[in-house]
Amino acid sequence: VSTLQTDALDRALLTLGRAPSFTRFCETAEPLFDEFVAGRSYVPWLGEALDDLARNASAKAGVGGKPYHLWATMHGRIAIVTVQSKHAGNPNTLTGHAYHRLMKVIAGDVRVTRWRHPQRVDPGVLDRRARLEIAADEWCSAGATLRVEAGQDVVEFREGHGVVVGLDSAPIHHTRWAYDRASLAPIAVVVADATIGRIEHALQMLGEIGSSEDAAALDGLMKNHVHSVRWSALRVALKLGRSDGQSLLERALEDPHPHIRNAAASALGYAAAGRRS
Amino acid sequence: VTAVAADAIDLPEYFAYLKAHLDVEDERSILATAPMLLALARNQRFLPRYLTEALANPARFQEGNGYAGPVVILGGGDGYMVRAIGWPAADDERRTPSNLGVHAYDGVAQVAHNHNFSILSTCYSGPGYETDLYEWEPIGDREPEPGDKVVMRYRGRQRLEPGQTIFYRAFKDAHVQYEAAAYSVTLNLLVHPAVEDLGDQYYFDVKNHEIVLPGGLGNDRRVQLIQLAASLGDPAFAAPLAVIADAHPSARVRTAARQAVDSVFGRSTA
């Protein structure tokens, strides 16, 4: 793909800093993204990928093992995807987005449904009353732009067939919400960062196979910026027999995240009831 | 596989052994590493130490690991990798908000799967999972497609307990995996020479001895690439697509390319 265009885009995204507002993201990135799409550098990219596959049967396309990534840095990424109707296989949930995203339809016609939260929400704290509202349900043809605000919008391709190029910002949130498709109410907080998911799986594994000496190594994770990692690390430390478990739980009462404060209070309450009985 | 463990070893020693002795294209060579895998599994401290050291740098934890579930990649070499995998009990299994399991358990559905790579596996911790083992082969010469009948020979149910190893041969062996009775961890040597990436994995309806669907990341991605080219329909794509339609070793990839050429460029390659 055009490195001149992606270099310019990368520099622009860098200036946005960490977790920019959606307005700033669109103002800064959209003109450069439009230029990128108009340059159609995905056509020679795809032609080269097909030539590779014609020459070498086991060729792999894409950037960093992701077949549709045309470009990716720590500040953003551009992907190209074929959109096919998911209607028949739709799960009974919808999932939000942890990134700001701009999408451009470059071929075909696709029916897009967009839901939006009427008020600001915090994807890190589940609020079951904060239902989505439908914002649009329309057919989009080549040239249409879709703008998705992290945490606030949910977008789904419902019908049709087409090709979409998308620009994602760096992660805005570490979590996103899953929604019940029928009621549009949030039902779960989902980890949006695969690394965080792997850390939590590894902590569970460590909790099963580790010993008290391993519990001492979890102090750093108990201060992690992601609340679910802090809580998982604390649980594993307690499971592995940290001698200062009581004070760890008391410290968790001061955690910035309400779910951790509540869980710590419950655990201390159970412990106190156990001692009384 | 019947193997006797040597004395407990550490991870670097295991990798040094693999580097010196493993021939990824020779099944006997893979099987000959079983005592060293068991010796690694006898070291009950290497994995907690590995995890705590790796978790000390959470921002880079398991960078490049594409698995979604509890799979820790411990390292690897040319054509192989070593993984630790967590197997939760049924009541501890994580599920998506849509209530789909994230683990490779398929006992309820009675769907077996094979792999387009070989796995030599042992149990590191816990009681281990149980699995129904099958050998299968296609009927006829062509690559199987969904709905095709296949021959499936049941080879019994095994529990992968500590001290035991199971060898799943690439393509030939299929299995149905059941939840462990309690959280278990397996260690496995995954052997995947480049040529095997061109073959497909399959899912089987065990009751009806039928192919449910093909899979396999390599060919999935190749088919998706071809579908993307078909959707864009640029004339520059016609020539390489025609070559792929004629010559790619995978029938699934050839079919996708042929359909792309026929539908987009109006030219029959039959």
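The questions and answers below concern a hairpin, the cavities and one serine in this predicted model.

Visitor: How many residues lie between β1(B) and β2(B) in their hairpin?
Guide: Strand β1 (residues 71–77) and strand β2 (residues 80–87) of chain B run antiparallel and are joined by 6 bridges. One of the pairings links B:Val71 with B:Ile85 in β2(B). In the turn, B:Gly79 has a positive phi of about 90°. The number of residues between β1(B) and β2(B) is 2.

Visitor: Which strand gives the most to the lining of the largest cavity?
Guide: The count of cavities of 30 Å³ or more comes to 2, and the largest has a volume of about 40 Å³. Its lining includes A:Gly96, A:His97 and A:Pro123. At least two lining residues come from each of β7 (153–169) and β8 (175–180) of chain A. The most, 3 residues, comes from β8(A).

Visitor: How many charged residues does the lining of the largest cavity have?
Guide: Among the residues that line this cavity are A:Asp153 and A:Arg176, and aspartate and arginine both belong to the charged class. The lining also has 4 nonpolar and 3 polar residues. The number of charged residues is 2.

Visitor: Which helix gives the most to the lining of the second largest cavity?
Guide: This cavity holds about 40 Å³ of space. Its lining includes A:Arg198, A:His201 and A:Ala202 from chain A, and B:Phe61, B:Val71 and B:Val72 from chain B. At least two lining residues come from each of α4 (194–209) of chain A and β1 of chain B. With 3 residues, the element that gives the most is α4(A).

Visitor: Is B:Ser184 buried or exposed?
Guide: B:Ser184 is placed in strand β9 (residues 184–191) of chain B. Its relative accessibility is 0%, and the cut-off for the buried class is under 20%. B:Ser184 therefore counts as buried.

Visitor: Which residue has its backbone nitrogen reached by the side chain of B:Ser184?
Guide: Beyond four places in sequence, the contacts of B:Ser184 include B:Ile85, B:Gly86 and B:Trp87, as well as B:Ser125 and B:Pro127. A polar atom of the B:Ser184 side chain also lies 2.9 Å from the backbone oxygen of B:Ala182. The backbone nitrogen that this side chain reaches, at 2.9 Å, belongs to B:Gly128.

Notes: Residues are numbered from 1 along each chain as its sequence is written. Chains are lettered from A and ligands numbered from 1 in the order in which they are written. This is a predicted model: local features need pLDDT of at least 70, side-chain atom pairs count only at pLDDT 80 or more; totals for chains, interfaces and linings use all residues. Side-chain values use heavy atoms; hydrogens and water are left out. Two strands pair if DSSP finds at least two bridges between them. Helices (H or I, at least four residues) and strands (E, at least two) are DSSP runs, numbered from the N terminus. On a 1 Å grid over the protein atoms alone, a cavity is a set of points where a 1.4 Å probe fits but cannot get out, and a pocket is an open set with protein on both sides within 12 Å along at least five of seven lines; lining residues have an atom within 4 Å of a point. Grid points are joined across faces, edges and corners, and a volume is the space filled by probe spheres set on the points. Buried means under 20% relative accessible area, exposed over 50%, partly exposed in between (1.4 Å probe, protein chains only). A polar contact is a pair of N or O atoms within 3.5 Å; within protein, one must be able to donate a hydrogen and the other to accept it, and residues adjacent in sequence count only if both atoms are side-chain atoms. Contact means heavy atoms within 4.5 Å.
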